[in-house]
Amino acid sequence: MRLIPFALLMLCGAVQAAPEAVSLEQAGVLYEQHCQSCHGTNRLGGAGPALLPESLSRIKPDEARAVIQNGRPASQMAAFGDRLDSAQIDALVSYLYQPAATPPTWSDADIRGSHRILTDVDTLPNTPQHSADPLNLFVVVEAGNHHVRILDGDRFEELANFQSHFALHGGPKFSPDGRFVYFASRDGWISVYDLHNLTMIAEVRAGLNTRNLAVSNDGRWVLVGNYLPGNLVLLDARDLSLVKHIPTLGADGTQSRVSAVYTAPPRDSFVVALKDVKEAWEISYAGKPDFQPRRIEAADFLDDFSFTPDYRYLLATSRKALGGQVIDLDTGKAVTDIPLPGMPHLGSGIYWKRGGNWVFATPNVSKGLISVLDLQSWKLIKEIPTEGPGFFMRSHLNSPYAWTDVFFGPNNDAVHLIDKQTLEVAHTLRPMPGKNAAHVEFTNDGRYALLSVWDTDGALIVYDAKTLEEIKRIPMNKPSGKYNVGNKIEYAEGTSH
């Protein structure tokens, strides 16, 4: 008997086993057979999230491939590796990242049709039904398994743990009294949760791809900024019922997406940055508002932004200026450009007083440095070198340090503590070597700092903010952010707004 060399036999087997290429058209059929029942016709979402390029922008194709192959633990997403071969999965991933053949729409009727009241808030007690300090609760977004945890900020014990919509985006926002917290998911779902009674109240799908939301400081309104469709959606804060949608058209009629929307409490207004036209909008909600935007001409397209402490000026990311653009909300004029290297993340910048004067510091997502600006002269005071590009900065009135991560690059396990007066790196922590450490939030009194380790086998780590002693380590699956109720509703110095 003639023997076939083993290597040749293996090669023949590999050739025979190689799956045939699958076209995008065939991948569309696979979607209809295996995905549509959960993820909806035209990939707009259903029981599962929307699967459009816009809603998948932060998920790499390899990650999507792994989810299709292996499923997602603690969710309804099943594994398809036993039904689809590698070529079919590859084609399906390519299909999901292709724009829809018919541009998707989301009308007022669609918004109203998605609205659900889950609990009648009028039947609930209006005082906390738990023993924790309501102003020292933490809302923790556990991105790895799409859950939210509510922690007692005094004992660091869990009060509630519930499933969220897919890929919560941006920090949750709170009602002025801290009772209600509002969430926005990347695929447009807005939810309101009662922190007094630890129960979900209502939800609505305000768009197909959402940037973020803001809550008015009188507690009456929620304004949602959307990428798809490009518009603003105004909701009643009590039950998330639709009030109106506001088309985001530039003065010349150009349709625009929304870069960011925040509330400016002293001004009784929302401030909106538009992504595709050179405009910022201020929308007043004082008295009996008509929600007509006041247009402010910008010198460039705007991304995210921060306010100065008095809410008079915007510090907005401006690519044309290679840094930031300062806009005076009182006069409606662009004041100056702030040339900064790389790509500063001004939306995560923070301010504090140094020598009696306000300064503003911003991380940089493309360079390893922190830029510190004088808020009177708009001049650059100092560039503080770090071990790599960063994403978040946080501090507290009672903390001598500004905490900043090194989110991008090989040193992303490091967190720098910058002395707010000397502007030098005073300490560098590596809470879990080799794992990405990011996003700090303080307890309401500033005594403790909570830091996230963004890993499947990650953790929320509690530090004594003065001694830097580790107090507690709570295992979690990618705890992407945690938000203290008191700091948020007080718009505290050192936290994001």
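Biologist: Which residue caps the N-terminal end of helix 5?

Modeller: Asp85 does, in this predicted model. A polar contact is a pair of N or O atoms within 3.5 Å; within protein, one must be able to donate a hydrogen and the other to accept it, and residues adjacent in sequence count only if both atoms are side-chain atoms. Here a side-chain oxygen of Asp85 lies 3.1 Å from the backbone nitrogen of Ala87.

Biologist: What are the ground rules?

Modeller: Residues are numbered from 1 along each chain as its sequence is written, and side-chain values use heavy atoms, with hydrogens and water left out. The model is predicted: local features need pLDDT of at least 70, side-chain atom pairs count only at pLDDT 80 or more, and totals for chains, interfaces and linings use all residues.

Biologist: Which residues of helix 5 are buried?

Modeller: Buried means under 20% relative accessible area, exposed over 50%, partly exposed in between (1.4 Å probe, protein chains only). Helices (H or I, at least four residues) and strands (E, at least two) are DSSP runs, numbered from the N terminus. Helix 5 covers residues 86-96. Its buried residues are Ala87, Ile89, Ala91, Leu92, Val93 and Leu96.

Biologist: What do they pack against?

Modeller: Contact means heavy atoms within 4.5 Å. The buried residues of helix 5 pack against helix 2 (24-34) and helix 4 (61-70).

Biologist: Where is Thr443?

Modeller: Thr443 sits in the loop between strand 29 (437-442) and strand 30 (448-453). Thr443 counts as buried because its relative accessibility is 1%. A polar atom of its side chain lies 3.3 Å from the backbone nitrogen of Arg447. Beyond neighbours within four places in sequence, Thr443 contacts residues including Asn136, Phe156, His396 and Asn487.

Biologist: Is Leu208 buried or exposed?

Modeller: Leu208 has 0% relative accessibility, so it counts as buried. Leu208 is in the loop between strand 8 (199-205) and strand 9 (209-215). Not counting residues up to four places away in sequence, Leu208 touches Leu44, Trp106 and Leu228, among others.
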